[in-house]
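Have the sequence and the 3D view ready.

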Amino acid sequence: MGLLECASSASLFRGHDYYENKKVKNLTEISAGVFAADVVGTASEPYTVKIDITHPRKSTCNCPHANGKRIVCKHMIATYFTAYPEEAVRFYQEYMKAREDEEKWEEEILDRVQECVCSMKKGELQQTLLELLLNGPEWQFERFIRDHDLDEY
């Protein structure tokens, strides 16, 4: 499992943002696949980062999120993308493709739901609405009551 696969999605996106904003300073390759860098973050001093591509869980950062833990943080991801900029491009392209696919799916499913609802008979619609209101989230029921002034006696 690589460094990117060990990171949370939040760390990936924040790390990419740090990479894009050139927050990685003094990048040095210590040995094959092992890099050290300083990463400008929210603290007054840059965070000290060491990433190990072969053994991602051996990577370290002195930020509060990862210090002393086997966590891949945004500073490590930013360092990785700085060392391997083609991976940053690939990551962003894959993200954009996934986003486009998700938007396309959402449009398709909305069309299918609208088509289904429009084909239902009045009794079916009434039964479905009641089931959604009674079995759905409480806020949905409360909103229906509020929107239709049903809470007045």
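Val113 sits in helix H4, residues 85-119 (helices are DSSP runs of H or I with at least four residues, numbered from the N terminus). Val113 is partly exposed because its relative accessible area is 44% (buried is under 20%, exposed over 50%, partly exposed in between, with a 1.4 Å probe and protein chains only). Together with Val117 and Leu125, Val113 makes a nonpolar surface patch of about 210 Å² (patch residues have over 30% relative accessible area and no salt bridge; nonpolar side chains, meaning Val, Leu, Ile, Met, Phe, Trp and Tyr, are joined within 5 Å, like charges within 9 Å).

The model is predicted: local features need pLDDT of at least 70 and side-chain atom pairs 80 or more, while totals for chains, interfaces and linings use all residues. Residues are numbered from 1 along each chain as its sequence is written, and side-chain values use heavy atoms, without hydrogens or water.

The structure holds five salt bridges (a side-chain nitrogen of Lys or Arg within 4 Å of a carboxyl oxygen of Asp or Glu). Among them, Glu94 pairs with Arg90, their closest N and O atoms 2.7 Å apart. Both residues lie in H4, four residues apart, about one turn of the helix. Glu87, Arg90 and Glu94 are linked in a salt-bridge network.

Definitions and conventions. Accessible areas come from the Shrake-Rupley method with a 1.4 Å probe; for residues, only the protein chains shown count as cover. Helices (H or I, at least four residues) and strands (E, at least two) are DSSP runs, numbered from the N terminus.
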